[in-house]
Amino acid sequence: MLSVMSALALVFVIAFAICLLVTTKTISTLKDSAAQLEAENRQLTQELTEAQSVVAEAQELLDEAAARAQPAGDGFFDDALFVGDSVSYALELYVTQQRESGEECLDEAQFYTAGSLSWSNLLWDLDYAYSVHPTFQGEKMCLEDAVEASGAKKVYIMLGMNGMADHDNETIVADAAENCRCILEKCPDVEIFIQSVTPVLASKETDTLNNERIESLNQALQSFCDEQGFTYLDVASVMMDESGALISEYCGDPEAMGIHFSGEGCAAWIEYLEQHPYGV
């Protein structure tokens, strides 16, 4: 028979062993829980960091959008080159007249314009007999060379009207894409702005030059800009009346083609560019 002391000692040993086992298991459980909590904390930290990055990017985009929605500041067009046909040539004449009279007009923007210019014939060789490439800085140049020579960082192009009689929208957009490729190949830092083709007087619409076709081409050009990341400027939106035709007061040749702008029309065009430099 065990003595009382021995029995108590045995009970103590058993109790200690049980406590030790329980403590060991508890410690192991706590370690597992701590490891799990640490893993979860790392995961939460990573997710928080990613969320903060997304928020920062979103804020940056919002700030950029807000900045782009602001009117053009002083000097915005100093590094701009305007490219176009006779419609843009009329703008060039208007700007020149304004500057000669002492008025500030489109800052120090330069022009590369010629009657009958189109996305298609810009791709012709300079020595082609029917070349209509404009003269720039006293020399006949291809578009991409003129962009380089001008030092422009922004190129505003309004073309397409002269191609509608001979080409469908798909061909016109393909030629636009090739011209833009040539520009960016030579001047990769240039920002390209595509201006919509402007409307014609309702009384001067023809089978090949009419406002329905112009609107169709503009939609194709806008889609092209969206795909390429270019800025689309809907100049036509401030040039048309409720029927989609050119506002009569904005027309400078109502007895002729009905497509060129009066001084009032040019002023409306410039105001649109100044108030919506990125079309928003």
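Trainee: Is Asp74 buried or exposed?

Mentor: Asp74 is exposed, because its relative accessible area is 83%. Buried means under 20% relative accessible area, exposed over 50% and partly exposed in between, with a 1.4 Å probe and protein chains only. Please note that this is a predicted model, in which local features need pLDDT of at least 70, side-chain atom pairs count only at pLDDT 80 or more, and totals for chains, interfaces and linings use all residues. Residues are numbered from 1 along each chain as its sequence is written, and side-chain values use heavy atoms, with hydrogens and water left out.

Trainee: Where does Asp74 sit in the chain?

Mentor: Asp74 lies in the loop between α1 (4-68) and β1 (80-84). Helices (H or I, at least four residues) and strands (E, at least two) are DSSP runs, numbered from the N terminus.

Trainee: Let us turn to the rings. How many aromatic pairs are there?

Mentor: The structure holds 13 aromatic pairs. Rings of Phe, Tyr and Trp (its six-membered ring) pair if their centres lie within 6.5 Å; planes under 30 degrees apart count as stacked, over 60 as edge-to-face and the rest as tilted. One of the pairs is Phe82 with Tyr156, whose centres are 4.7 Å apart and whose planes are at 10°, so this pair is stacked.

Trainee: Which parts of the chain does that pair link?

Mentor: Distant ones: Phe82 is in strand β1 and Tyr156 in strand β5 (residues 154-158), 74 residues apart. Phe82 is buried at 2% relative accessible area, and Tyr156 is buried at 0%.

Trainee: Which residues form a cluster through ring pairs?

Mentor: Ring pairs link Phe76, Phe77, Phe82, Phe111, Tyr156, Phe193 and Tyr278 into a cluster.

Trainee: And salt bridges, how many?

Mentor: The count comes to five, where a salt bridge is a side-chain nitrogen of Lys or Arg within 4 Å of a carboxyl oxygen of Asp or Glu. Among them, Asp145 and Lys186 meet at 2.6 Å, N to O. That pair links distant parts of the chain, with Asp145 in helix α3 (residues 143-150) and Lys186 in helix α4 (residues 169-186), 41 residues apart.

Trainee: Which residues are linked in a network of salt bridges?

Mentor: Glu178, Arg181 and Glu185 are. The closest N and O atoms of Glu178 and Arg181 are 2.7 Å apart, while Arg181 and Glu185 meet at 3.0 Å, N to O.

Trainee: Why are Arg181 and Glu185 separated by about one helical turn?

Mentor: Because they are four residues apart in helix α4. Glu185 counts as exposed at 61% relative accessibility, whereas Arg181 counts as partly exposed at 39%.
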